Amino acid sequence: METMIWLALMVLFLLAEAATVTLVSLWFAAGALVAMAASLLGSPLWLQIALFLVVSALLLACLRDMVRRHFTPGLTRTNVDAIAGSEGYVTADIDNISATGKVKLGGMEWTARSCSGKPIPTGTLVRVERVEGVKAFVTPVEVPSEV
């Protein structure tokens, strides 16, 4: 009888995993499989439950992130997300106090502010640290001097 309960639980967990694809129910299905095997070998109910809980928790804790990284495709940053970390040139002096400044990033001009609050002159190479709304917050890039 216990074997049938573990089999039903395993099928239920597998169906839940197939419906949600969250990589949570899969580990409980594996725990139910181990508990079902213990049941077939004549183990007491308390041991079956303990095996189910331990195996499920261990698999969930140890393998979930690794499997998720392997099966989840890498996300391609687009639009505003792709701007952070990019470099461009200041096209209009950046001055946070007077709320002015523009940078050219990937062929588009963005309103810009200085991350440090210090003014940045036109022509300076800058890196975008973050984007808030329609403003790019930038810092000057250190250009190595030639000998």
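Strands, as the term is used below, are DSSP runs of E with at least two residues, numbered from the N terminus. The model under discussion is predicted.

1. Strand 3 and S114. Strand 3 covers residues 108–114, and S114 belongs to it. The relative accessibility of S114 is 3%, and the residue therefore counts as buried, the cut-off being under 20%. Its side chain forms a polar contact with the side chain of S116, at 3.2 Å. Apart from neighbours within four places in sequence, S114 is in contact with I94, N96, I120, F137 and V138.

2. R130 and F137. One of the contacts of S114 is F137. R130 is placed over the face of F137, 4.2 Å from the ring centre.

3. Length of helix 1. Helix 1 comprises 19 residues (residues 2–20).

4. Which residues of helix 1 are buried? They are T3, W6, M10, F13 and E17. These residues cover an arc of only 90 degrees around the axis, and therefore lie on the same side of helix 1. The face turned away from the buried side bears the exposed residues M4, L12, L15, A18 and A19. Just after helix 1, V21 adopts a positive phi of about 50 degrees.

5. Aromatic pairs: W6 and F52. The count of aromatic pairs comes to 4. In one of them, the ring centres of W6 and F52 are 5.3 Å apart and the planes are at 40 degrees, so the pair is tilted. Because W6 lies in helix 1 and F52 in helix 3 (residues 45–71), this pair ties together parts that are 46 residues apart in sequence. W6 counts as buried at 6% relative accessibility, and F52 is likewise buried, with a relative accessible area of 11%.

6. Aromatic pairs: F28 and F52. The rings of F28 and F52 have centres 6.2 Å apart and planes at 40 degrees, so this pair is also tilted. F28 lies in helix 2 (residues 25–40) and F52 in helix 3, so the pair ties together parts that are 24 residues apart in sequence. F28 has 26% relative accessibility and counts as partly exposed.

7. The aromatic cluster. Ring pairs join W6, F13, F28 and F52 into a cluster. Among its members, W6 and F13 are buried residues of helix 1.

Conventions:
Residues are numbered from 1 along each chain as its sequence is written. This is a predicted model: local features need pLDDT of at least 70, side-chain atom pairs count only at pLDDT 80 or more; totals for chains, interfaces and linings use all residues. Side-chain values use heavy atoms; hydrogens and water are left out. Helices (H or I, at least four residues) and strands (E, at least two) are DSSP runs, numbered from the N terminus. The expected span of a helix is 1.5 Å times one less than its number of residues. Buried means under 20% relative accessible area, exposed over 50%, partly exposed in between (1.4 Å probe, protein chains only). The arc is that of the directions from the helix axis to the C-beta atoms. A polar contact is a pair of N or O atoms within 3.5 Å; within protein, one must be able to donate a hydrogen and the other to accept it, and residues adjacent in sequence count only if both atoms are side-chain atoms. Contact means heavy atoms within 4.5 Å. Rings of Phe, Tyr and Trp (its six-membered ring) pair if their centres lie within 6.5 Å; planes under 30 degrees apart count as stacked, over 60 as edge-to-face and the rest as tilted. A charge sits over a ring if NZ of Lys or CZ of Arg is within 6 Å of the ring centre and within 35 degrees of the ring normal.
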